[in-house]
Amino acid sequence: MTGMPRLGIVFRLARRDLAHGWQSTICLVVAVAVALIPLLLLYGLKFGVVNTLIDTLRSDPRILEIKLVQDAELDPDWMAALQANPQAGFVLPRGMHLATSVRLRGENARSILEPRMIPTAPGDPLLDGITLPQDISEIVVTERVRLESKAEIGDTVELIVMRLVGEERQSERLEVTVVDVLPRDLLQTDDIFVLSDLESAVENYRLGFAVPALGWPAASADRGAVPDNKTFASFRLYARDIRDVPDLRDQLLADGYDVETRADEIEKTLAIETGLGWVFLVISTLSAAGFLLTLGLHLAAAVVEKARELSLLRLLGLSGSELSLLPSTQGALIGLFGAVLACLLTGLAQPVVNRLLDGLAGLDGQVSQLAFTHLLFAAIAASLAGAAAGSVAGLRSARLEPTKGLRRD
């Protein structure tokens, strides 16, 4: 018989045969479920533990930060290339450390603070959820600055910028409004966040240049405008994702810049992810091999036992290709039913596992996590594995001679 296999007939025959031998079918389905449940629980632990660790790291923006250890001379073109790097999520140039410090005095404070300005802009990971300055007359302060200056949100504080010209000490003052406060757990220094324009203005003034936008004069007549090719001394750099931090660190080290990161914490977590991945791969490979061998042998034995029935089907018009699909279809159905049973039992067991392992190694959240897509993938994989297990038996069915199959010993 030629032509495409009649899949509908093959499916109905496979289903009826499994239903006829339901005792054997149930045993095989349970065997598949028993093999899959430990794999699903192990994968749930792997996925849950790694996700919890990574989410914990991602919840702290400081993990993404890469700091330049000391001021350098950074070319504008190099800075533009860094900003264009797809692994860099947030990049802002910074001025020299000593040139961007100011004095800050609150209306009710007894002392004058000396914070350093930190440039900020929309998208700043450290100030996520914090009101950002909209112009140079607004700042964000840390909790320590708020306490020491006694300045609350909406209050006005005075910034004093000083420089030494020869023996003369010059200064300028600027009133700014506190628009928000950065919590202590994110930063415990006496810093203030300002727009880059204000930081640049203070740095230029400290270097002796005039700042026309604020009416601040140059230190001397020979000090002209700020040069267009002015270099930067540092930067604020946050990686786009924690997985990008080690690569960015290595790139900056290769460029000759000494940087400080928390890449070691990230690499430890990624090492755990890799290790658990290998453990799961080895166990799943061994389990899959056992599953394929057991189900394949059972389906092959079934072909031998049902040689007479298969020969009759061949004589009744079933083609060799259709006969070859019967064991694979039965294997796929057994794998599917076993996977569905395993998924249901795993879903019931997962809350118990999470309760038993709650707080394991200080982890917060679900230690075991399985998404619907994971269960769907397990069902599809089990069905395909079952079909593969029946392929050898299918080849034997296709080669069965009707006359030999009808002979009785």
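**Close-up 1. Pairing of β6 and β7.** In this predicted model, V161 stands opposite E172 in β7. Strand β6 (residues 156-165) and β7 pair in the antiparallel sense over 10 bridges. Strands are DSSP runs of E with at least two residues, and helices are runs of H or I with at least four, both numbered from the N terminus; two strands pair if DSSP finds at least two bridges between them. In the hairpin of β6 and β7, two residues lie between the strands, and G166 takes a positive phi near 65°. Residues are numbered from 1 along each chain as its sequence is written. Local features need pLDDT of at least 70 and side-chain atom pairs count only at pLDDT 80 or more, while totals for chains, interfaces and linings use all residues; side-chain values use heavy atoms, with hydrogens and water left out.

**Close-up 2. Pairing of β5 and β7.** Strand β5 (residues 138-142) and strand β7 (residues 168-182) run parallel and are joined by five bridges. E138 stands opposite T177 in β7. Strands of a sheet pair through backbone hydrogen bonds, either parallel or antiparallel.

**Close-up 3. The sheet of six strands.** This open sheet has mixed pairing and the order β3-β6-β7-β5-β8-β4. Its edge strands, β3 (103-106) and β4 (117-120), each pair on one side only. From one strand to the next, the twist averages 40°; axes are lines fitted to C-alpha atoms, for helices over the stretch in contact, and angles run from 0 to 180 degrees between N-to-C directions.

**Close-up 4. The largest pocket.** The volume of the largest pocket is about 640 Å³. A pocket is an open set of points on a 1 Å grid over the protein atoms alone, where a 1.4 Å probe fits, with protein on both sides within 12 Å along at least five of seven lines; lining residues have an atom within 4 Å of a point. Grid points are joined across faces, edges and corners, and a volume is the space filled by probe spheres set on the points. The lining has 26 residues, with E65, K67, R94, I118 and L187 nearest the centre of the pocket. At least two lining residues come from each of β1 (65-68) and β9 (234-239). The lining divides into 10 nonpolar, six polar and 10 charged residues. Nonpolar means Ala, Val, Leu, Ile, Met, Phe, Trp, Tyr, Cys and Pro; charged means Asp, Glu, Lys and Arg; the others, Gly among them, count as polar.

**Close-up 5. The second largest pocket.** The second largest pocket holds about 460 Å³ of space. It is lined by 18 residues, of which L36, L39, F377, A378 and A381 are the closest to its centre. Helices α2 (22-58), α7 (263-305) and α10 (372-389) each supply at least two lining residues. This lining has 15 nonpolar, three polar and no charged residues.
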